[in-house]
Amino acid sequence: PPCASVAQVSRKSLKSVLRKDVGLSREELEMFFVGLDLRDDRLVSESDLKFLERWDIAWEDWVTSTDRVKQLPEAKRSSVA
């Protein structure tokens with residue numbers, strides 16, 4: 001049986017909220033949604049959105065800038081590539 005009580009939002013609803021509250025363009029909204037719709041079912045779940053809370057953008061930017069990837073331990077290096 002499907003997982004009970006999984007919060008999901010449709011593409012249309014998410015775009016509406018983000019356009020009004022965040023001011024993203026149509027292209028930015030599309031890219032945002034496609035990036036989160038991992039199952040390609042035109043829905044974004046609560047767990048998909050929780051990814052954004054855990055995402056360390058500053059670390060990712062630091063790692064991908066210049067040659068810092070080579071300075072990382074092997075375990076971290078493979079997760080970046």
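**Salt bridges, pair by pair**

Modeller: Happy to! This is a predicted model, so local features need pLDDT of at least 70 and side-chain atom pairs count only at pLDDT 80 or more, while totals for chains, interfaces and linings use all residues. Residues are numbered from 1 along each chain as its sequence is written, and side-chain values use heavy atoms, with hydrogens and water left out.

A salt bridge here is a side-chain nitrogen of Lys or Arg within 4 Å of a carboxyl oxygen of Asp or Glu. By that rule there are four salt bridges.

Let's start with Arg-11 and Glu-30, whose side chains meet at 2.6 Å, N to O. Arg-11 lies in helix α1 (residues 11–21) and Glu-30 in helix α2 (residues 26–36), so this pair ties together parts 19 residues apart in sequence. Helices are DSSP runs of H or I, at least four residues, numbered from the N terminus. Arg-11 counts as buried at 13% relative accessibility, whereas Glu-30 is partly exposed at 29%. Buried means under 20% relative accessible area, exposed over 50%, and partly exposed in between, using a 1.4 Å probe and protein chains only.

Next, Glu-46 pairs with Lys-50, their closest N and O atoms being 3.8 Å apart. The two are four residues apart in helix α3 (residues 46–54), separated by about one helical turn. Glu-46 is partly exposed at 43%, and Lys-50 is partly exposed at 38%. Elsewhere, salt bridges that share partners join Arg-11, Lys-15 and Glu-30 into one network.

Finally, Arg-39 and Asp-41 form a salt bridge at 3.4 Å, N to O. Arg-39 is partly exposed at 43%, and Asp-41 is partly exposed at 31%.
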